[in-house]
Amino acid sequence: MTTSPRSGSEHARSSSFDLLHHKVQRWVWAQGWPELRDAQERAIPEITAADRDVIIAAATASGKTEAAFLPICSTLLQHEEKAGVRALYVSPLKALINDQHRRLDELCEHLGVPVHRWHGDVASAGKAKVLARPDGILLITPESLEALFVLRGLEIARVFAGLDWVVVDEMHSFIGTPRGAQLQSLMHRLELSLRRKVPRVGLSATLSDMGGAAEFLRPGSGNSVTVVESNDDRGELRLQVRGYLDDSVPTNEQEDDAAESSLAIAQHLFTTLRGKNHLVFVNRRGEAERYADRLRLMSEKVNVPNEFFPHHGNLAKDVREHVEQQLKSTRPTTAICTSTLEMGIDIGSVASVAQIGAPPTVSGLRQRLGRSGRRGEAAVLRMYVAEPEITADTPPSDQLRAELFQTVAMVDLLLERWYEPPDSSSLHLSTLIQQVLSIIAQQQGAQPVQIWRVLCQGGPFAHVDQRMFGDVLRDLGRAELIQQEPDGLMLLGRVGEGIVNHYSFYAAFATSEEYRMVSGSRTLGTIPILHPVLPGQMMIFAGRRWQVRVVDDRAKLIELSLAGGGRAPLFAGTPAQISDVVRRRMRTWYESDEVPAYLDATARRLLEEGRSSYRRLELGTVPALAWGDDTVLFPWLGDRLLDTLAVWLTTAGFQTGRDGVALTISHCTPAQLGRAIWEMLDSGVPSGLELAAAVPNTTVEKYDPYLGDALRHLAYSHGHLDIARAAEVLSELQETLPSADLDPIAGRPVPDAAGVEGMPFAVVDVETTGFAARRRDRIVEIAVIRLAQDGTVQGEWSSLVNPERGPGATSVHGLRGEDLRGAPRFADIAVLVAEQLDGAVLVGHNLPFDRGFLDAEFSRAGKKFGGGPSLCTMQIDEYVHRSGRRSLRDCCRAVGVGDFEQDGRQHSALADARTTARLLRHYIHAGQTVIPVISV
């Protein structure tokens, strides 16, 4: 990757301008531009060279489109003799294509360069014209380009014979996504069809990792991409974050927007925004409907024209375009919108941008802010954050005012020009399946090695080796997506033909089944049926209130009539992943005393409340705290790592849930969590396949259902888990979690063993198939040794146990299936085990592990495992020697006690129990009177 030099002098400006064709120069002068923008100055010589890939990274409204197409059009005019499409522009949105078509047409009509559109809403006559006489510039979506390959595969080389450039707009929206993998594949297949390299130009306003972006644009050769990164000063930013407090939580019977905060936010929007054009961004489509409805009702109440309209992807195209046209007109209009208006669709100038709730990402906030502050005016951003009232029952994570702190952290990072880096970890096997089917359809059959060479060996799926590719093909064969002829030729199978022949095939992403919403002859949009919709039901849609008249399941149609009540429907969607950087910056603000000047009085109060809770809970030094019977863990990590930790802890037998910035581990104390983490790490870091197998639903991407379990779990682990980093986090946590739980009143360690007068000890050890006690793993061997208070052995007992499954970790315990086949089940010996443990202090080395399995096995046997005092020799060792948590072998060697190798088979239950008993006797005879005890 190389970076173009920055423009500095008037001579540099004039030299770039001189590279343009004289017709293009005349067009520039006709616009009245006093000079070229920085991005344009620096991009023109790079693109005019026509021998390199270029990324243009510049702020919204900084002239990126012209930076690409001024030099492209100049070169097209210099080589008019070439046949075929000369420049291919790929956009993520049909609306953006329509907008760019208008902008480029204004330029190209003076140059004699045709500009064509190709997407689902373009008439077939226009597409036929391109196929009959391809020329000029073609604007297209990835899905329509995919359709060209499938339906017109043999004509690709002719249609694009003269192709000189591929331009990818809003490139950040493709990176790391299934659509991005699809686009990479299509660009590569296009070059293979032409048998030559075609320079690529990527455009974006929110790139931070230029190396990752360059690698996306040219996989495997990112270092050859030239980056034009403009730092044009966007001018003044006027920012305010407004805080709101909900005194009560609305009940289920109340409307979703009846919360005090939403009413107050709507009132402020109504009072502040009327009379000019604005964009109000929300994070969910239902919120767009609710706020638009609330603001319309406010307008009607005071008898003024409504200026507030919803805009989101489920609204019909003509409904969205109506709002866009109003924004460009002289009529004051405010759009309550989602990400549909983040990207560069021309909506004219807006006076300000508002954001309700914490932004989903920093890059998204940058895109949204870029809509304001054009034409030399200050950019205006208002942000609205609502937090619930804190009561005695408010969980710790909700006491921290996390939404406000996330907002402040994201503003902080925005001002530093930091944006989320691209995620290149996904295998994108779902998109690989789509591309395999596409190639077979395009060529009407292909050899496996040919497909692998196109997509994997030199293509965007280079991480897929021949073995994995073979596994993918076998899974597709079993699912009847493909079939193989005797000569090896791959053809579409019965199921595959149906998939490829359906219009939805061309999209790499899955879409939910939706019903069309109509009023009379007018289509309002579509909604997913996530809950039953019944005749007579009231709902809010397209900014109005309706009653459902008819639900036609066969036609997937819902007929509506205007009404006076209702709620916004539920829309499908996945929230954006919060990054580690954002969560770490949140923690920085918790530990700071600085108060941002842009906070209003209520937001400042919420900031102080969050900091007060953070300090009161001692989260600066203690990562976990007890909350009732649970432990709440604050690792200050992004969502991906929190999800990985949650899955890992769940497989270890803990009921674990995500709770905003924290994890909640049920029925577990902080000290028990610390010992469990030690055991988890001591048992070895699990593979991605092992953890993914414990996730209930690993079907995430469109074609995942056609993958076998192994590949689907592999794809899930790569795309959604980070096991290596999670292991590092657990290692750090085990050093900071307490070794003994505190009395919640006295704040001191709970009573020690010396207080348990006259009770004998029952030293227990179990060997198991694995470490997930509450899930799939079982005890395979158990031993109990009874000791008197002075350490005298009173008796020994042990037994093999039939786990009613495979023996699992044979390399650890040495037991094979045949050893266990005739052994009793735990249920058969549960009464005997209970008698061995009755009336004694339960002892074990890493006792939470043994106790967890005992509790699980007794529960499966339908019996209750009684409570009582217990102690852990690992904890005694740590308490006495302060040497960290050590294995049984290391503890024994440290105090000169013979280890378990002299007792026969290493890691037999009886041998380990005998060694643990000797270690306990050592501490008893050494006069250790302070022995930490876990109260159960």
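I looked up Arg585 and found that, leaving aside residues up to four places away in sequence, Arg585 touches Ala409, Asp412, Leu413 and Glu416, contact meaning heavy atoms within 4.5 Å. I note that this is a predicted model, in which local features need pLDDT of at least 70 and side-chain atom pairs count only at pLDDT 80 or more, while totals for chains, interfaces and linings use all residues. Residues are numbered from 1 along each chain as its sequence is written, and side-chain values use heavy atoms, with hydrogens and water left out.

I placed Arg585 in helix H21 (residues 580-590), helices being DSSP runs of H or I with at least four residues and strands runs of E with at least two, numbered from the N terminus. The side chains of Arg585 and Asp412 are joined by a polar contact of 3.0 Å (a pair of N or O atoms within 3.5 Å; within protein, one must be able to donate a hydrogen and the other to accept it, and residues adjacent in sequence count only if both atoms are side-chain atoms).

Next I turned to a sheet. I read an open sheet of 5 strands in the order S18-S17-S21-S20-S19, with mixed pairing, where two strands pair if DSSP finds at least two bridges between them. Its edge strands, each pairing on one side only, are S18 (522-528) and S19 (538-541). I found S19 joined to S20 (residues 544-552) by 4 bridges, the two running antiparallel, and Phe541 has Arg544 in S20 as its bridge partner.

Last, I checked which residues of H33 meet H34: they are Leu888, Cys891, Cys892 and Val895.
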